[in-house]
Amino acid sequence: KELQNHLKLLKEWLTKILTMKLLKILNTGKMHLMNIKGNEGTLLPLWPFKSEKAKKFAVTSVLFNPKYDDMFAVGHGSYDFLKQSTGLICIYSLKNPSFPEFTYVTESGVMCLDFHPEHPYLIAVGFYDGA
């Protein structure tokens, strides 16, 4: 168990280092992400945002923090309104996009969320059950 914790920390640390190196490359303009032809173009995905806890849920809301540009929240629930269960809120940072910084399991599916405009550390959440 202790070895698993150390390996998890090592993986997060290496991901953070590689992400910061990639951000440096992107900021210098040495990497072309877009392939633009006329009015059409493509943007290559840079990072997968994954959480093992979120695999069984649909993404119902995504919102960037108004004060911290590198932080965003993802609400998880279900669009199958006949089969509702629990929900999940994940807070991600672009500094370490492979792992959520924070996860919170909710009693009902998350339908929407919003950061407080004056206190960006507070999140208002709307749930399927109306709570």
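The legends below describe close-up views of a predicted model.

Residues are numbered from 1 along each chain as its sequence is written, and side-chain values use heavy atoms, with hydrogens and water left out. Local features require a pLDDT of at least 70 and side-chain atom pairs count only at pLDDT 80 or more, whereas totals for chains, interfaces and linings use all residues.

**View 1. Order of elements along the chain.** The chain holds one helix and eight strands, which follow one another from the N terminus as α-β-β-β-β-β-β-β-β; helices (H or I, at least four residues) and strands (E, at least two) are DSSP runs, numbered from the N terminus. Of the 131 residues, 27% count as buried, where buried means under 20% relative accessible area, exposed over 50%, and partly exposed in between (1.4 Å probe, protein chains only).

**View 2. A nonpolar surface patch that includes Leu10.** Leu3, Leu7, Leu10, Trp13, Leu14 and Ile17 make up this patch, with about 580 Å² of accessible area together. Areas come from the Shrake-Rupley method with a 1.4 Å probe, and for residues only the protein chains shown count as cover. Leu10 belongs to helix H1 (residues 2–28) and counts as partly exposed because its relative accessibility is 42%.

**View 3. The largest nonpolar core.** Ala54, Phe57, Phe72, Val74, Leu88, Cys90 and Tyr92 are the seven residues of this core, a nonpolar core being a set of buried Ala, Val, Leu, Ile, Met, Phe, Trp, Tyr and Cys residues joined through side-chain atoms within 4.5 Å. S4 and S5 are the elements that give two or more residues to this core, and S5 gives the most, with three. Apart from it lies another core of six residues, among them Ala73, Ile89, Ile91 and Phe115.

**View 4. Ser78 and its contacts.** Ser78 sits in the loop between strand S4 (71–77) and strand S5 (87–93), and counts as buried because its relative accessibility is 16%. Leaving aside residues up to four places away in sequence, Ser78 touches Thr60, Lys83, Gln84 and Met111, a contact meaning heavy atoms within 4.5 Å.

**View 5. Cys90 and Cys112.** Cys90 is buried, with a relative accessible area of 0%, whereas Cys112 is partly exposed at 42%. The count of disulfides (pairs of cysteine sulfur atoms within 2.5 Å) comes to zero.

Definitions and conventions
Patches are made of residues with over 30% relative accessible area and no salt bridge: like charges are joined within 9 Å, nonpolar side chains (Val, Leu, Ile, Met, Phe, Trp, Tyr) within 5 Å. A salt bridge is a side-chain nitrogen of Lys or Arg within 4 Å of a carboxyl oxygen of Asp or Glu.
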